[in-house]
Amino acid sequence: MTSSSTEARPAAAEIFSRSVAGAQRPPAPGPLFACRTFAWRTLIKLKYVQDHLGTAVVFPVILTLVFTYLLGGAIAGSPREYLQFFLPGVIVLSLVASSMMSALTLNRDIATGMFDRVRSTPIWQPAVLVGTMGGDVLRYALTSVVPLALGLLLGFRPDGGFSGVLLALLYLQLFTFSVSWLWMFFAVLIPQPTAAAGIVNLLQFILLFGSNILAPQQTMPGWLEAVVKLNPVTHAATTTRGLMHGDLASGDLGAGLLACAVLVVLFAPPTVLLYSRKQR
Amino acid sequence: MTTNPALAIETHELVKVYGETRAVDGLDLAVRTGTIHGVLGPNGAGKTTAIKMLTTLLRPTSGTATVLGHDVVREASAVRRRIGLTGQTMALDEDMTGLQNLILAGRLQGLRHGPARARGEQLLAAFDLTEVGNRLVKTYSGGQRRRIDVAASMVVTPELLFLDEPTTGLDPRSRSEVWQMIRDLVRDGGTVLLTTQYLDEADHLADELTLIDQGRLVARGTPPELKASRAEGVLEVQLVDPARRAEAGALLAGAIGASVEPDSDSNPSRLSVKIADADRAARALGELARAGIGVEDFSLGKPSLDTVFLALTGHSTLDGTREEEAEVPA
């Protein structure tokens, strides 16, 4: 904000002349380019937003340490024993928490003028949703690798070996993509950012703790077991555990995939519809 | 730009109804290509709603709107390819830097990353933001945010730029910078439609004005035309001794043959009188001198746009300002 920078101000002709390369209107961006633009934005934000980094790295570490050492002995006899059960679950837990971030960004975009600016440009509009989710793939990979590495260090020994773990991570990308439609749905449905964040957080809490992530559902009272079995997070956790330990029943795999399908079918169409009808 | 039709924007009987509210109620707009067109009106007059329909963000309830020769409903994507928009609420990602926001805006228009970056740096320099270009927008001052927001709508020089209250909340210097950019854009053949609540902004910046109230057109013309439509001028007198205000008022009223307006700016030593010709003003000032009433300053002027607006609608353009400001998220 010094006066010298004002003097350096480019002349008007230089800024708006149609002979300046940058000022000319380029051909309309294709869908892929539009998606890559939003993926880029997601990754940029990963660098700057401590929230994102916190959910992706710090949160899983703390969770793993607290549950394994504080409660592991009480729940499974020994921390090491509990780790074999809990670690696949903690990865699911971190991913579900992390999957909310993009939805909350979208919600803020709608609340501010960003949504209007994006919609007044010639891009392929679904890129906002699809591109953002694409950028999330890397974030999810990071989110799942951090607790996994920590777990291996602390004595987690997956019987499914390398291929089992890899398959589990691939399955988790699919599941996280599916569950993020649930958050996107609320992000588009609820206009006020604080209200949207409140509902999404509450729902996340219910989904995570009303599941078999922390303890096997067989140890729960019958009514709770029934509820837990309806929770898609339960099936995701069972599938992840099974793949990592190499003892996945085909029925459980089916349930794990079905949970993804149900989430997408239930929440993706209304989200896209609500988004495209917004303010019409 | 000679191949362009004469009108960049044309609407007929444009209506937008929200439930019971007729936000825009039969608006006929005509904006000539290559001009800065100001839309002036109080809050709730329908300015923002009209802009949202013209930028394809809202579907009109009825009526037609043509932007750069394209129908805003049937040819929305053609419209989007040729316009730029800076809305009333900031279209910025606070968790990105100013430059990254400009790159994002450029990529949304189809620029590759490299050119978008080069263009962003050029705009940062033009808006005097180079020094903060690599800082996160959440650390920016209000003026810096507004400027980067306006810059983002100019990343690709739009043929038609919509600015919804572009200088609201700006300090005078940032304001004049934004004004200059708008003038530069138009000099190169662009068209700008801006809404404003600031009368001086409408007066100094706009080539032509549309006054709207309650969703309807009230008057249209150049600022001088609109002012001339109210024939009388105003004589303003600043007295040395406020205690003699009543006496001076009576003298002026007698000499001019018009009543003294109750002064709204609560300055007890100021008086203003509507006046038809300058001769009478001179005579009235002579009367004051003869009566020994000291005059510190006087001015004889055309009515302000606010006077015009008041005369046409029965209320000022500034009605309800606070209400809308409260809606803008912090």
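Student: How many helices and how many strands does the secondary structure of chain A come to?

Tutor: Chain A comes to 13 helices and zero strands. Helices here are DSSP runs of H or I with at least four residues, strands are E runs with at least two, and both are numbered from the N terminus. Reading from the N terminus, the elements go α-α-α-α-α-α-α-α-α-α-α-α-α.

A word on the ground rules: this is a predicted model, where local features need pLDDT of at least 70 and side-chain atom pairs count only at pLDDT 80 or more, while totals for chains, interfaces and linings use all residues. Residues are numbered from 1 along each chain as its sequence is written, chains are lettered from A and ligands numbered from 1 in the order in which they are written, and side-chain values use heavy atoms, leaving out hydrogens and water.

Let's zoom in on two stretches of chain A. Residues 195–215 of chain A are 71% helix and 0% strand, with 31 Å between the end C-alpha atoms.

Now look at how two helices of chain A sit together. Helix 5 (residues 79–98) of chain A and helix 8 of chain A have axes that come within 9 Å and cross at roughly 165°. Axes are lines fitted to C-alpha atoms, for helices over the stretch in contact, and angles run from 0 to 180 degrees between N-to-C directions. So helix 5 of chain A and helix 8 of chain A are roughly antiparallel to each other. (Under 35 degrees counts as roughly parallel, over 145 as roughly antiparallel, 65 to 115 as roughly perpendicular, and the rest as oblique.)

Stay with helix 8 of chain A for a moment. The side chains of Asp136(A) and Arg139(A) form a salt bridge there, 2.9 Å from N to O; the term means a Lys or Arg side-chain nitrogen within 4 Å of an Asp or Glu carboxyl oxygen. Because Asp136(A) and Arg139(A) are three residues apart in helix 8 (residues 127–154) of chain A, about one helical turn separates them. Over chain A as a whole, 53% of the 280 residues count as buried.

Another buried spot in chain A is Ser178(A), with a relative accessible area of 1%. Ser178(A) belongs to helix 9 (residues 161–189) of chain A, and its side chain reaches the backbone oxygen of Leu174(A) at 2.8 Å.

Salt bridges also lead us over to chain B. Arg41(A), Lys45(A), Asp109(A), Asp93(B), Asp95(B) and Lys138(B) are linked in a network of them, and the structure holds 26 salt bridges over all chains.

Inside chain B, Asp149(B) and Arg146(B) pair up in a salt bridge at 3.7 Å, N to O. Asp149(B) and Arg146(B) are three residues apart in helix 5 (residues 142–152) of chain B, so about one helical turn lies between them. Both Asp149(B) and Arg146(B) are buried. Helix 5 of chain B also packs with helix 3 (residues 98–108) of chain B at an angle of about 20°, their axes 9 Å apart. That makes helix 3 of chain B and helix 5 of chain B roughly parallel to each other.

Glu201(B) and Arg175(B) make another salt bridge, at 3.8 Å, N to O. Glu201(B) lies in helix 7 (residues 199–205) of chain B and Arg175(B) in helix 6 (residues 172–187) of chain B, so this pair ties together parts that are 26 residues apart in sequence. Glu201(B) and Arg175(B) are buried as well.

Two last stops in chain B. Thr56(B) sits in the loop between helix 1 (47–54) and strand 5 (62–67) of chain B, and Thr56(B) is buried at a relative accessible area of 2%. Val218(B), in strand 11 (residues 216–221) of chain B, counts as partly exposed at 26% relative accessibility. From Val218(B) to Leu57(B) there are 161 residues in sequence and 25 Å in space, C-alpha to C-alpha.

Methods. Buried means under 20% relative accessible area, exposed over 50%, partly exposed in between (1.4 Å probe, protein chains only). A polar contact is a pair of N or O atoms within 3.5 Å; within protein, one must be able to donate a hydrogen and the other to accept it, and residues adjacent in sequence count only if both atoms are side-chain atoms.
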